[in-house]
Amino acid sequence: MAQDGRTPEVDELVRRLVATTGITEAQALELVSLLGLNWASLMREAKVLKAAQRR
């Protein structure tokens with residue numbers, strides 16, 4: 001269900017991003033707010049975030 005005025009499309013994208021990359025929902029939401037709905041850009045930045053978490 002959409003929360004905080006988010007659309008179902010954004011919610012689904014956030015869920016996919018979290019499941020695929022292992023970043024947090026908050027991080028995924030921030031990326032979507034910064035980058036929009038471009039999946040390739042979101043994946044690129046999510047991978048960078050995840051790599052930084054491992055250090």
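On the α1 side of this contact we have Leu13, Arg16, Leu17, Thr20 and Thr21, and they meet Trp39, Leu42, Met43, Ala46 and Lys50 of α3. By type, the residues of this contact divide into six nonpolar, two polar and two charged. Keep in mind that this is a predicted model.

How do the two helices cross? The axes of α1, residues 8–21, and α3, residues 39–54, come within 10 Å and cross at roughly 45°. That angle makes α1 oblique to α3. The crossing is right-handed.

Now the charges. Side chains of opposite charge can pair when their charged atoms come close. A search of the whole structure finds four salt bridges, and I will take you through some of them.

Arg6 pairs with Asp11 at 2.7 Å, N to O. Are these two buried or exposed? Arg6 has 16% relative accessibility, so it counts as buried, and Asp11, at 4%, counts as buried too.

Arg6 also forms a salt bridge with Glu25, where the closest N and O atoms are 3.5 Å apart. This pair links distant parts of the chain: Arg6 sits in the segment before α1 and Glu25 in helix α2, residues 25–35, 19 residues apart. Glu25 is partly exposed, at 42%.

As for shared partners, salt bridges join Arg6, Asp11 and Glu25 into one network.

Notes: Residues numbered from 1 in each chain as written. Predicted model: local features only at pLDDT ≥ 70, side-chain atom pairs only at ≥ 80, totals over all residues. Heavy atoms only, no water. Axes fitted to C-alpha atoms, helices over the stretch in contact; angles between N-to-C directions. Helix = DSSP H or I, 4+ residues; strand = E, 2+ residues; numbered from the N terminus. Parallel < 35°, antiparallel > 145°, perpendicular 65-115°, else oblique. Left-handed = near helix turned anticlockwise from the far one by under 90°. Contact = heavy atoms within 4.5 Å. Nonpolar A, V, L, I, M, F, W, Y, C, P; charged D, E, K, R; others polar. Salt bridge = Lys/Arg side-chain N within 4 Å of Asp/Glu carboxyl O. Buried < 20%, exposed > 50% of the residue type's maximum accessible area, 1.4 Å probe, protein only.
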